[in-house]
Amino acid sequence: MATGTGNQHSDTQNKHTKLVNIYVLISLHTALIFYVGDLFVIQKHWIYHCITYFSFVYMAGIFILNKKKEFSFAKIAWIAYLFIFINLSALQANPGIYTEYYFLLVPGICLSVHQKNIIPVIATILGFICFFIPYYFFAIYPEDHPNREQFIVVGALFYSVYAIVNYFKKLNIKNELSLKENNKELQKQNSIIETQKLLLEKAYAELEVSKKNELAFLQLKSLKSQMNPHFIFNSLNSIQDLILQQNTDASYDYIVLFARLVRNTLNYSNKDFIAIHKELEFLEIYLQLEKLRFEDDFTYTIQHTNTEELFVPSLIVQPFIENALIHGLMHKAGKKQLTIDFTFTDYLLCTITDNGIGRKEAKKIRERQGGHHESFALEAIQQRLEILKEQYGTAVGYQVYDLYDDKLAIGTKVEITMPFQKKY
């Protein structure tokens, strides 16, 4: 079927070559099956045998033309074969059994193997003319046969076949062009994703080199806990799904979000404090991306009270949110809810509450799976909070509480007491 095709030829040329090969193979197999069957059942005239042998040799010649890259000759030879075979069959091999109606196949077959319509039009007209040869030039049918006068009806049949096939041919070409455009867009989107991955890998390498002191090292571990391979894979995989679904607008929006998250993470990783509105924006972007994985079952709320003028430690809160998502909400059936609340009175308190399965059930699941989630570096976060406590002399740390309703686990709450700086 692929005889004569190759990467050096256009997709259209390869498609036409394959179609010619398919047509020839179908005709060759059909002719062979009928010929073998007729040998045992019907005594045929010697002309029938000659026509059959001629068909075998002729179709083999078309394969050879395609093999030698003589595509135009192969297509013309195939169309010529249709006319020769149908005429011989209608006039000599099988006269009187309306074999001439096979000429109605000619318009569709010609349109399928020729890009331009000139040859299919000529072949359709010739097919219409050849249809009447058995009625007017050979004494095969009676002179009063109704088909002799049915020029309009037969012409309408030929035109209908031509028009229908031509319509679907144009529709197919339009769909192919649309598919090519979508493929170009997909390649463009994939290129953006690959660029982001390379930038992230480069950032990791640079941060590894820059581990000059313990705090920088802990910041790096915090960064890795937030931009871990599991999260990156899920984000990129969700974006890839949107692209494959041809949801271009949504995929573009999420690629922009992912790029902003990576950029903000890298920008904030070397800063001790950032404005709280930047922290809130960072968490919003992160949760939007995570919602791709959880879809409509997951809802979240970010609240803040009396915090407008504050600066907070960078990259502290997100690992706790990730912990709530992976250990508390991922294995929960039904609606999953997460609330993040920043409140400032005499100190800055961040409360993260989920309605997940609770720590005890999460621990059982980890034990059954034979491992634990290592992307959330609790030890690194704890050490970093302790260093911040020494540096700023304030109450810093976190507490985890299990939430129950009549001894039934209904979620987990984490309270993080954070150091802060005021704008003025």
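**View 1. Helix H11 on strands S2 and S4.** Helix H11 (residues 276–294) lies across S2 and strand S4 (336–344) in this predicted model. Its direction runs at about 170° to S2; axes are lines fitted to C-alpha atoms, for helices over the stretch in contact, and angles run from 0 to 180 degrees between N-to-C directions. Contact means heavy atoms within 4.5 Å. Helices (H or I, at least four residues) and strands (E, at least two) are DSSP runs, numbered from the N terminus. Residues are numbered from 1 along each chain as its sequence is written, and side-chain values use heavy atoms, without hydrogens and water. Because the model is predicted, local features need pLDDT of at least 70 and side-chain atom pairs count only at pLDDT 80 or more, while totals for chains, interfaces and linings use all residues.

**View 2. The open sheet of 5 strands.** The strand order is S2-S4-S5-S7-S6, with mixed pairing; two strands pair if DSSP finds at least two bridges between them. Strand S2 (298–305) and strand S6 (397–405) are at the edges with a single partner strand each, so one side of each has no neighbour in the sheet. On average, neighbouring strands of this sheet are turned by 15° against each other, direction ignored.

**View 3. Pairing of S6 with S7.** S6 and strand S7 (residues 408–418) run antiparallel and are joined by 9 bridges. Tyr401 stands opposite Lys413 in S7.

**View 4. The open sheet of 3 strands.** Here the order is S1-S3-S8, with antiparallel pairing. The edges are strand S1 (273–275) and strand S8 (421–422), each with a single partner strand, so one side of each is left without a neighbour in the sheet. H11 packs on this sheet as well, touching S1 and S3, and its direction makes about 85° with that of S1. Strand S3 (residues 310–313) and S8 run antiparallel, joined by 2 bridges. Leu310 stands opposite Lys422 in S8.

**View 5. A nonpolar surface patch.** Ile118, Val121, Ile122, Ile125, Leu126 and Ile129 make a nonpolar patch of about 520 Å². Areas come from the Shrake-Rupley method with a 1.4 Å probe; for residues, only the protein chains shown count as cover. Ile118 belongs to helix H5 (residues 118–131). Ile118 has a relative accessible area of 55% and is exposed; buried means under 20%, exposed over 50%, and partly exposed in between (1.4 Å probe, protein chains only).

Note on methods: Patch = residues over 30% accessible without salt bridge, like charges linked within 9 Å, V, L, I, M, F, W, Y side chains within 5 Å. Salt bridge = Lys/Arg side-chain N within 4 Å of Asp/Glu carboxyl O.
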